Amino acid sequence: MKKIKKSTFFIVVALILLFSVSSVLGLDYQYGDNVTTLINGVDDIRLGIDIQGGVDVTFAPSGDFDADEEQLAAATEVIKTRLTSLGINDNEVYSDEDSDRIIVRFPWQAGETDFDPEAAVKELGETAELTFRYGADYEEDPENEGEYLPTGDIILSGADVSQASAGSQQNDKGEYEYVVRLILNESGKAAFGDATTELAGSTTPISIWMDNTMLSAPTVNDAITSGEAIISGSFKTYDDAKKLADQINSGALPFKMETSSFKTISPTMGEGSLDAILLAGLIAFACIAVYMIVLYRLPGVVAVIALIGQITGSVAVVSGWFGFMNSSTLTIPGIAGIILSLGIGVDANIITGERIKEELKAGKSLDAAIKIAYKRAFTAIFDGNLTNVIVAVVLMGAFGVPSSPFSKLLNSTIFCMFGATAEGVVYSFGFTLLAGVIFNFIMGVFAARLMVTSLSKFECFKNRKLYGGDVK
């Protein structure tokens, strides 16, 4: 490690402070009636059903369609995937084969105050079939005034798309624009190749529909036979492109569904309990801070700063502060994961603090004691954290949706005999535990080492008693 300067402490503290404030408050601006969120804060966190309550909705096949067991199971997995694409990991999805019903429970949006179950169901997305069609023509629905039906022949369904992702590319004018990239499976590659060959260079677009709602209608510039396609020209922001990609990735239902009933769910814990949990957490953190400072003195002060960074890091991961990650849902088990990871962070700082005291009592100089203590403590901290990472990954893999990378890994090896399982509250615990452990390494090991080493450079902080040692 390069020589650490005195200014390093102030730089690290400033970065942690800036990170913590932005994670809590977020950042947005308003232009007219439109509010644009640049950084998500705690107000943007969706609270779980157990804290805030939510909606209970029942879906049924439209008309007289009689779904079989396989079709009902496929529809259930599509709805789970759609919930996950919205960052709603606290959800319950059940299917009733006897009555051809799918029951879905999920929490309210962040900041929801009017608790309108119908609006919440719309957020889930259209429970409809995704189709790619020739042209963008439509006609009025004779059975529903004011609604329209697509008239073009179907080229592909959502089941023919293997993957969709949002990105950007340079257009003919040299400007960068947002696009959606599609990868087709074998069932759609030939059909799409034939359609694009026929429409290349014409003004007839290929429209993309979610049931009776047209999502996009891009024109075809060239024949596409490689099984990969790009949708461009209609996205103002990255979020617009990502929304379409998420809708396409949500898949196609094997049959059209309609909402047969919906109702509100009362929280099992309630926001009052959340306030009590947060108050208890603040009191516990204050007690921990006093304990660390009294027992380990200056390294204890640094530990408290590092723990603040670790907690806000966990909150930032849940809120979607990091632009490359979707927001998640905060549940009571999720809060338990944060608290457990905080305890792990305290242990890491205690191990390091004790090491520093031991090295000082062994007669080492202050600089040598700090350097040796962090080096020797790292192995113990790493081993302890690694076991928790394994536990968190297993929980996320076993209880996450099948499309998650952890589920793909574990379900193809360990859990293949049990089938797909999705239990949001268990996944939430594993998610916050994993995030806390990662930030324990960042804050409790690396940032803390930088701060302690930097402070030891100041003449006023060279007193060995400030680190738990005797005067020498």
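The model is predicted, so local features require pLDDT of at least 70 and side-chain atom pairs pLDDT 80 or more, whereas totals for chains, interfaces and linings use all residues. Residues are numbered from 1 along each chain as its sequence is written, and side-chain values use heavy atoms, without hydrogens or water.

Buried denotes under 20% relative accessible area, exposed over 50% and partly exposed in between, with a 1.4 Å probe and protein chains only. Helices (H or I, at least four residues) and strands (E, at least two) are DSSP runs numbered from the N terminus.

The whole structure holds 12 aromatic pairs. Rings of Phe, Tyr and Trp (its six-membered ring) pair if their centres lie within 6.5 Å; planes under 30 degrees apart count as stacked, over 60 as edge-to-face and the rest as tilted. Phe 19 and Phe 439 are stacked, at 6.0 Å centre to centre and 15 degrees between the planes. Because Phe 19 lies in helix H1 and Phe 439 in helix H12, this pair ties together parts 420 residues apart in sequence. Phe 439 also forms a tilted pair with Phe 322, at 6.2 Å and 35 degrees. Phe 322 counts as buried at 18% relative accessibility, and Phe 439 is buried at 8%.
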